[in-house]
Amino acid sequence: MTYSNGSTPPPLLAVDDLSVGFHNREGVVRAVSNVSFEINPGEVLAVVGESGSGKSVTALALMQLHPRNTEITGDVIFDGMDLLSMEDEEMRSIRGRDIAMIFQDPMTAMNPVFSVGDQIVESIVLHSDINKKEAWNKAVDLLASVGVPEPKRRASQYPHEYSGGMRQRAMIAMAIANDPKLLIADEPTTALDVTVQAQVMEVLYEVQEQTGSAMMLITHDLGLVAGAADRVQVMYASRLMETGGVDDVFYRSRNPYTRALLDSIPDLETVKETLNSIPGNPPSLAHPPPGCAFAPRCSMAIPDCAEGVPDLVALDEPGHASRCIRTADIEVAVEATV
Amino acid sequence: MFAYITRRVLVSIPLLAVALYLVFIGVSLTTDPRADFYLCLPRCQDGFDRITEVYNLDTNVWLRPFIWFGEALTGDLGESTTIGQPVTEVLRTRGWNTAMIAVPAFLVSAIFALLLSVYSARHQYTFGDYFFTGLAFVGLAFPSFVLALVIQNIFGVQFQNWFGVKPFNTGRKTGTNFLELLRDITLPAMSLAILFISADSRFGRASMLETLNQDYIRTARAKGISERSVVWKHALRNALIPLVTLWALNFSALLSGSVVTESIFSWPGLGPAFITGLQASDLDLVLGIVLLTGSIVVVFNLIADVLYGVLDPRIRLN
């Protein structure tokens with residue numbers, strides 16, 4: 001994105017060297033280690049990784065919704081404001097207005113004792129001057145815009161009267177109620193039926209396009225990302241493993257972990273005997289292995305992999321970077337298989 | 001909502017009838033007003049027969065409750081032999097006396113338990129939480145008779161001119177001036193309240209903690225809602241749902257009279273009357289009190305059910 005005078009606009013969100021640690025009896029568990037990234041206005045950034053890789057914790061830290069016994073270091077600059085040094089009250093005025101969040105499980109993410117309409121109205125009234133009646137009409141319009149049928153009647157219903165897919169639509173309506181500049185969707189389809197997942201993603205991408213907000217889409221499903229994300233970053237064991245444009249990561253991945261993830265996506269065109277999976281389990285974050293955290297499961301690992309954590313190294317394509325000491329060898333491997 | 005309440009009321013009526021029937025059978029089988037007469041039998045046959053007739057003791061025990069119910073429906077609950085008044089009159093004065101300490105005890109315990117629950121849940125594992133937890137366990141560990149005696153000794157004996165110790169007075173505790181009444185009810189109400197605060201605040205803390213860890217609380221915070229609104233609006237309403245049952249049970253237990261606390265403070269409520277009645281095989285008095293307290297329990301369960309529906313749309317709409 002360039003302005004007419006040729007300068008690039010400042011990013012909407014700039015995260016620099018963010019680390020998040022949880023205190024527990026054994027010490028500090030580092031859930032996020034030295035993560036840096038940017039999101040530009042209107043851009044869709046997908047954050048991909050297994051459970052426990054630190055992607056949700058990153059999002060909660062941005063929103064300052066982390067649990068109490070948490071240690072956060074680094075800088076988070078959103079729209080020129082330093083979120084980590086903000087007072088509670090200032091942060092509250094940003095939550096729900098400038099940054100809105102959609103959570104994983106729509107079955108539990110809505111308060112069961114308030115009607116869906118009331119829960120949307122609450123968010124609208126909190127961040128704008130309009131009265132409750134106008135807010136209710138707006139809530140009905142929002143429900144209509146995310147594809148909830150009969151929105152007038154459905155607005156006064158309670159969450160338990162909605163199906164999972166409808167609830168997630170309502171959550172999306174609640175999130176976009178104040179036209180946020182950044183939408184964080186934390187595994188928005190993981191808890192839904194497969195048949196509903198595609199519909200909800202479609203609604204999500206539609207509202208993102210309409211409102212022009214930037215989106216941070218957190219998922220473990222690379223398939224969800226391919227069509228709609230601008231950029232992808234892959235996380236593993238609290239660190240960024242690879243980051244780059246969606247095509248760079250999907251077609252020119254230079255990281256063994258990303259490639260293993262891509263290999264484990266079932267392919268309808270080539271019938272395989274078995275599904276590919278990555279052997280082993282992610283390491284404990286309380287006792288991370290020395291060196292590259294993925295090395296114990298990596299098919300390309302060499303003894304040097306255990307010697308220190310590799311750096312995230314910039315590659316030829318702009319914005320493309322990979323954390324692997326064998327990046328050069330992977331390139332060869334890719335070309336050899338093509 | 002209306003249909004829900006109607007349904008609950010209709011269910012309550014047979015519930016009360018069956019409960020009372022079973023309790024009556026139990027009381028009838030264990031309480032024999034002729035107990036004293038068996039020893040002198042041939043000599044006091046007249047008295048024996050008279051009591052047999054008054055209480056219909058020659059009727060089959062399974063049918064006896066129906067006779068009693070029939071009379072009760074006409075407003076006649078019989079005569080208390082120990083107090084020497086119609087049972088309806090005893091219930092009126094004693095029930096009123098009990099309510100005078102039960103209502104303040106309930107209100108105080110509900111408010112304090114709620115505040116402590118919210119405080120402890122929001123400050124989990126801090127000094128304040130441990131302090132109130134410890135205090136609650138002390139309150140729970142004290143048997144009610146010890147607690148009442150300790151309170152009476154501290155506030156009634158050591159500091160005489162505050163509350164004093166009263167002789168037992170069977171009359172109705174009204175008509176006296178308000179300050180005097182307040183002084184009389186403070187200690188017994190306090191003893192009862194402390195017991196209920198101790199139990200309820202533990203329960204309330206657990207309920208509040210569970211609610212505060214729910215996903216929808218995080219959603220509320222993500223909307224930018226203030227912490228006060230998150231706790232007192234979003235969390236409280238959900239946390240109250242299990243507490244309502246507890247409160248209904250507590251209140252009905254309090255209104256049914258406390259044997260120990262009322263006896264220690266010489267308070268002429270339902271509790272001491274019930275014990276006296278049982279000891280003297282005063283069948284009509286015992287049955288009358290059971291009718292009253294049984295009805296209170298059923299009515300308060302009904303109120304709890306209705307409150308459930310008010311608080312929780314999932315219950316109201318199913």
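This is a predicted model: local features need pLDDT of at least 70, side-chain atom pairs count only at pLDDT 80 or more; totals for chains, interfaces and linings use all residues.
Two residues are in contact if their C-beta atoms, placed from the backbone, lie within 7 Å.

View 1. Among the contacts in chain B between residues at least 6 apart in sequence, 74% join residues that are at least 24 apart. Chain B has 13 helices and zero strands, and buried residues make up 36% of its 318 residues. Taken along the principal axes, the box that the C-alpha atoms of chain B fill is roughly 85 × 55 × 35 Å.

**View 2. The crossing of helices H6 and H7 in chain B.** Helix H6 of chain B covers residues 144-158 and helix H7 of chain B covers residues 178-212, and their axes, which come within 10 Å, cross at roughly 140°. Because of that angle, H6(B) is oblique to H7(B), and the crossing of H6(B) and H7(B) is right-handed. On the H6(B) side the residues that meet H7(B) are B:Ser144, B:Leu147, B:Ala148, B:Ile151, B:Gln152, B:Phe155 and B:Gly156, while H7(B) brings B:Leu187, B:Met190, B:Ser191, B:Ile194 and B:Leu195 to the contact. Sorted by class, the residues in this contact of H6(B) with H7(B) are eight nonpolar and four polar, with no charged residues.

**View 3. The contact between chain A and chain B.** Here 22 residues of chain A are in contact with 19 residues of chain B. On the side of chain A that touches chain B, the elements that give two or more residues are helix H2 (88-94) and helix H3 (116-127) of chain A, and H3(A) gives the most, with four residues. The residues on this side of chain A divide into ten nonpolar, seven polar and five charged.

**View 4. The open sheet of chain A and one of its edges.** Eight strands of chain A form an open sheet with mixed pairing, in the order S6-S7-S8-S3-S9-S10-S12-S11. Its edge strands, each of which pairs on one side only, are strand S6 (99-102) and strand S11 (313-314) of chain A.

**View 5. A helix lying across two strands of chain A.** Helix H10 of chain A, made of residues 256-263, lies across strand S9 (231-236) and strand S10 (239-245) of chain A, and H10(A) runs at about 100° to S9(A).

Terms used: Residues are numbered from 1 along each chain as its sequence is written. Chains are lettered from A and ligands numbered from 1 in the order in which they are written. Axes are lines fitted to C-alpha atoms, for helices over the stretch in contact, and angles run from 0 to 180 degrees between N-to-C directions. Angles under 35 degrees count as roughly parallel, over 145 as roughly antiparallel, 65 to 115 as roughly perpendicular and the rest as oblique. A crossing is left-handed if the near helix is turned anticlockwise from the far one by less than a right angle, and right-handed if clockwise. Ala, Val, Leu, Ile, Met, Phe, Trp, Tyr, Cys and Pro count as nonpolar, Asp, Glu, Lys and Arg as charged, and the others, Gly among them, as polar. Two strands pair if DSSP finds at least two bridges between them. A residue is buried if 20 or more other C-beta atoms lie within 10 Å of its own, exposed if 12 or fewer, and partly exposed in between; C-beta atoms are placed from the backbone.
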